[in-house]
Amino acid sequence: MKYRIRCHLSQPEIAAAIETLAARISADFAHRDLMIIGILTGSIVFVADLMRKIALPHEVGMIQASSYRGTATSPGDLLIHLDAIPCIAGKDVLLVDDIFDSGQTIAAIMPRLMEMQPKSINSAVLLWKTARRTVNVVPDYFCFEIPDEFVVGYGLDYNNQYRHLPYLGVIEQLEDPT
Ligand code: IMP
Ligand code: MG
């Protein structure tokens, strides 16, 4: 099967949205003890760009969660590994993910982090597929609402490929000539 990647959000569009988001976060978290917690692996590029635009001293940690393992779009069991994060007790945590799809990942991680007694927890995502939400939680911050299409690039993968693309694209299947 042959695929083509159609650009959905360009590098400059993403950069501009992140700058706007970082300004909001910088204002909202001024004089607070901000700790960014990124969700591996999809958020790595977003976290790297966002943290460098936030004009406040802050800490960064990563946790691992995967809901889509093996194949591209069928959710498997959600695995959450919290062992590697720094101490979040008393901190104002900003949980950062690449995309809010069903919302199951963020909804499952939030209570696990609450057990560690942070002062507050908010969530930020680059993309929000608003039509697919199945949980009673919404992201506190987001850059773009997107339609229900599978996107890759800028950290997001299809079978662990395409994370390196500097833009966000939609995978299109090309006609099979046979
Ligand atoms: P949720 O738990 O359904 O909100 O799914 C969130 C996770 O699913 C994200 O962290 C992504 O890793 C993955 N995911 C959801 N939609 C897409 C997509 O369109 N492309 C790539 N990964 C996706
Ligand atoms: Mg993910």
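1. A crossover from one strand over a helix to a second strand is right-handed if, with the strands pointing away from the viewer, that path runs clockwise. This predicted model has such a unit: strand 5, helix 3 and strand 6 form a right-handed β-α-β arrangement.

2. Start with the two strands of that unit. Strand 5 and strand 6 run parallel and are joined by 8 bridges. One pairing to look for is Phe100 with Trp128, its bridge partner in strand 6.

3. Strand 6 spans residues 120-128 and is mostly covered, with 9 of its 9 residues buried. Strand 6 also runs parallel to strand 7 (residues 141-145), and 4 bridges join them. There, Val125 stands opposite Phe142 of strand 7.

4. Now turn to ligand 1. It is surrounded by 17 residues, and the closest are Ser102, Gly103, Thr105, Lys129 and Val151. By class, the shell holds 6 nonpolar, 5 polar and 6 charged residues.

5. A polar side-chain atom of Ser102 lies 2.4 Å from one oxygen atom of the ligand. For Gly103, a backbone N or O atom lies 2.8 Å from a ligand oxygen. Asp97 places a polar side-chain atom 2.9 Å from an oxygen atom of ligand 1. Taken alone, the ligand exposes 490 Å², and the protein buries 92% of that.

6. Which elements give two or more residues to the shell around ligand 1? They are strand 5 (92-100) and helix 3 (104-114). Strand 5 supplies the largest share, 4 residues. Both elements also belong to the β-α-β unit of the opening point.

Methods
Residues numbered from 1 in each chain as written. Chains lettered and ligands numbered in written order. Predicted model: local features only at pLDDT ≥ 70, side-chain atom pairs only at ≥ 80, totals over all residues. Heavy atoms only, no water. Near = heavy atom within 4 Å. Polar contact = N/O pair within 3.5 Å; in protein donor to acceptor, adjacent residues only side chain to side chain. Areas by Shrake-Rupley, 256 points an atom, 1.4 Å probe, with all protein chains shown as cover. Nonpolar A, V, L, I, M, F, W, Y, C, P; charged D, E, K, R; others polar. Buried < 20%, exposed > 50% of the residue type's maximum accessible area, 1.4 Å probe, protein only. Pairing = 2+ DSSP bridges.
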